[in-house]
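Here is a friendly walk through the model for someone meeting it for the first time. Please keep the viewer open as you read the points below.

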Amino acid sequence: MDFKLKLLLILTLTSTTFAIRKDVSFQETQICRTTVQGRYLITDYTGYVCDALSLDPKSHCCRVKRDQYSCQGCNLVSQCCKSYEYCVSCCLNPERTHINQALKVKIAKPVTSGTYSSLFDYCAGRCRHNSESVVHENAYLSEFHHCFAPPSNNSVGISDTQIEVRLIGINVMVGKQGESCDSVCKTVGQSCVVSKFAFINECGIMQKYMKCRGSCLASIGPDQPAEVAEDAPRNLNPGACLYTRRPSMLSCDGFHQHTKRLCPCA
């Protein structure tokens with residue numbers, strides 16, 4: 001076999017090898033991450049919702065590509081949904097959830113807790129039941145109990161309308177002077193919901209339920225939010241409303257002899 005024929009044979013084999021390696025059957029298959037909580041529905045990480053039988057056996061993605069980022073059964077003001085899977089789908093819409101903000105949210109309350117590593121992790125985590133959607137961990141505040149909004153302490157710039165929506169199912173009550181919220185709620189056969197203090201610890205909300213005499217002051221104390229009694233010593237600013245910049249201090253059993261508390265009951 002002469003040199004030219006050998007060279008032609010080598011080039012032919014080399015070309016065939018490259019053609020095989022480019023064949024689609026040798027390409028890596030994309031594997032979807034999906035929710036696993038639901039009994040009937042599944043949401044993949046691209047935002048599609050389908051039933052388990054509609055998953056692609058190779059990619060684990062939803063084969064039916066319609067209604068991406070579906071918000072079926074969701075309240076878009078409160079950012080809460082009736083269904084876990086549709087909550088995740090709605091949350092994954094980049095126009096509704098900003099990834100830069102989502103990745104700064106801690107997975108749990110302890111300071112040592114890490115943050116979410118992806119938008120899918122954030123949505124799948126936030127849409128599960130959280131302390132803000134239950135009363136004493138055994139009853140839901142509303143049928144819309146799958147929420148993807150950031151935690152209360154991260155909700156900067158939230159509007160009064162959004163606050164009011166998040167207080168649906170909550171009986172906001174003004175207590176008597178020197179009375180704790182545990183006592184206030186008990187008088188109507190309800191319980192104090194500590195997770196909702198973050199939404200009423202606002203001047204705009206307090207002024208809807210209390211006189212406040214035109215002033216709303218930052219203070220420190222477990223009895224806030226509250227209104228100072230008219231007969232309180234002058235140095236305590238009688239008639240003024242007080243909110244705290246340290247929400248971690250808020251509690252249901254806090255009280256002060258010269259204040260009337262604003263309480264979230266359910």
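1. A definition to begin with: a residue is buried under 20% relative accessible area, exposed over 50% and partly exposed in between, using a 1.4 Å probe and protein chains only. By that scale Asp-56 is partly exposed, with a relative accessible area of 23%. This is a predicted model, so to speak: local features need pLDDT of at least 70 and side-chain atom pairs count only at pLDDT 80 or more, while totals for chains, interfaces and linings use all residues. Residues are numbered from 1 along each chain as its sequence is written, and side-chain values use heavy atoms, with hydrogens and water left out.

2. Now the overall picture. The protein chain has eight helices and twelve strands; helices (H or I, at least four residues) and strands (E, at least two) are DSSP runs numbered from the N terminus. Of its 266 residues, 43% count as buried. The chain exposes about 15,700 Å², and carbon and sulfur atoms supply 54% of that; accessible areas come from the Shrake-Rupley method with a 1.4 Å probe, and for residues only the protein chains shown count as cover. Taking contact to mean heavy atoms within 4.5 Å, 60% of the contacts between residues at least 6 apart in sequence join residues at least 24 apart.

3. Which residues have the most contacts inside the largest nonpolar core? They are Phe-197, Ile-200 and Met-206, in a core of 24 residues. A nonpolar core is a set of buried Ala, Val, Leu, Ile, Met, Phe, Trp, Tyr and Cys residues joined through side-chain atoms within 4.5 Å. At least two residues of this core come from each of strand 8 (171-174), helix 6 (181-186), helix 7 (197-200), helix 8 (203-209), strand 11 (241-244) and strand 12 (259-265). Apart from this core lies another, of 19 residues, which includes Cys-74, Ala-102, Leu-119 and Tyr-122.

4. Leaving aside neighbours within four places in sequence, Ile-200 is in contact with residues including Leu-167, Val-172, Met-206, Pro-225 and Leu-262. Pro-225 lies in the loop between strand 9 (216-219) and strand 10 (226-228), and a cis peptide bond, with omega about 0°, joins Gln-224 to Pro-225.

5. Asn-201 also touches Pro-225, along with Tyr-243, Thr-244 and Leu-250, not counting residues up to four places away in sequence. Asn-201 sits in the loop between helix 7 and helix 8 and counts as buried at 9% relative accessibility. Its side chain reaches the backbone oxygen of Thr-244 at 2.8 Å. For such a polar contact, a pair of N or O atoms must lie within 3.5 Å; within protein, one must be able to donate a hydrogen and the other to accept it, and residues adjacent in sequence count only if both atoms are side-chain atoms.

6. Is helix 4 (residues 119-126) largely enclosed or open? Seven of its eight residues are buried, so helix 4 is largely enclosed by the rest of the structure. Among the buried ones are Leu-119, Tyr-122 and Arg-126. Their cover includes strand 1 (41-43), helix 2 (84-91), helix 3 (99-102) and strand 7.

7. Tyr-122 also belongs to an aromatic pair with Tyr-116, which is edge-to-face at 5.5 Å centre to centre and 85° between the planes. Rings of Phe, Tyr and Trp (its six-membered ring) pair if their centres lie within 6.5 Å; planes under 30 degrees apart count as stacked, over 60 as edge-to-face and the rest as tilted. Tyr-116 is buried at 10% relative accessible area, and Tyr-122 is buried at 1%.

8. Three strands form an open antiparallel sheet in the order 3-4-7. Strand 3 (74-75) and strand 7 (146-147) stand at the edges with a single partner strand each, so one side of each lacks a neighbour in the sheet. Two strands pair if DSSP finds at least two bridges between them; two bridges join strand 3 to strand 4 (residues 80-81). Cys-74 stands opposite Cys-81 in strand 4.

9. Two backbone details to finish. Asp-67 has a positive phi of about 60° although it is not a glycine, and counts as exposed at 56% relative accessibility. Cys-212 also has a positive phi, near 60°, but counts as buried at 1% relative accessibility.
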